[in-house]
Amino acid sequence: GEAGTRPHIVVSARVHPGEAPASFMMRGVLRRLLAEDDEAEALRRRFVFIVVPMLNPDGVAAGHGRCNLAGLDLNRCWEQAPPKSEAEAAKQELAALHAAGCTILALLDLHAHSRRHGAFTLSNPGGAALPDLLAGDREPLFDRGA
């Protein structure tokens with residue numbers, strides 16, 4: 001389908017510079033999406049993926065733990081994004097997609113955690129159904145069995 005009619009999924013990482021494992025997760029996401037197999041091709045046909053591999057590059061380059069060069073924790077200022085910040089730029093891009101009539105099905109913000117191990121998700125209400133939405137009426141794409 002046309003890009004404007006397919007749902008969009010935004011995947012971002014490294015809003016917190018010190019969460020280096022998010023880069024490894026992003027690498028896995030990119031490998032999955034770019035793979036030459038039926039599963040990856042089905043995902044690409046069904047959705048438009050917008051990938052932001054490093055939302056806070058200046059903070060990463062400076063070796064910061066959570067903030068950008070201006071000292072802002074970008075994950076805490078989405079509602080009132082400071083002018084010229086990475087958060088403001090991301091909000092403007094998302095608003096432009098919305099204004100163009102694009103459906104943003106999900107925004108997956110990849111993080112790492114200092115005390116939780118393995119993979120886990122935190123989501124807004126309704127987010128638990130995302131794997132099923134990705135699969136549509138086909139077999140589940142994600143093995144969530146015990």
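The model is predicted, so local features need pLDDT of at least 70 and side-chain atom pairs count only at pLDDT 80 or more, while totals for chains, interfaces and linings use all residues. Residues are numbered from 1 along each chain as its sequence is written, and side-chain values use heavy atoms, with hydrogens and water left out. Helices (H or I, at least four residues) and strands (E, at least two) are DSSP runs, numbered from the N terminus.

**Helix 4**

- Helix 4 runs over residues 86–99, and its 14 residues should span 20 Å at 1.5 Å a residue; the expected span is 1.5 Å times one less than the number of residues.
- The C-alpha atoms at the ends of helix 4 are 20 Å apart, in agreement with that expectation.
- E86, A87, A90 and L97 are the buried residues of helix 4 (buried means under 20% relative accessible area, exposed over 50%, partly exposed in between, with a 1.4 Å probe and protein chains only).
- These residues lie on the same side of helix 4, because they cover an arc of only 100 degrees around the axis, the arc being that of the directions from the helix axis to the C-beta atoms.
- The packing partners of the buried residues of helix 4 are strand 1 (8–13), strand 2 (48–52), helix 3 (57–62) and strand 3 (104–110).
- After helix 4 comes G101, with a positive phi near 90 degrees.

- Leaving aside neighbours within four places in sequence, A90 is in contact with L55 and W78 (contact means heavy atoms within 4.5 Å).
- S12 is 78 residues from A90 along the chain, and their C-alpha atoms are separated by 10.0 Å.

- Most residues other than glycine have a negative phi.
- R14 has a positive phi, near 60 degrees, and is found in the loop between strand 1 and helix 1 (21–34).
- R14 counts as buried, at 9% relative accessibility.
- K84 also has a positive phi, near 65 degrees, and is found in the loop between helix 3 and helix 4.
- K84 is exposed, with a relative accessible area of 80%.

**Cysteines**

- The structure holds zero disulfides (a disulfide is a pair of cysteine sulfur atoms within 2.5 Å).
- The closest cysteine sulfur to that of C67 is in C77, 9.4 Å away, which is too far for a bond.
- C67 is partly exposed, at 24% relative accessible area, whereas C77 counts as buried, at 12% relative accessibility.
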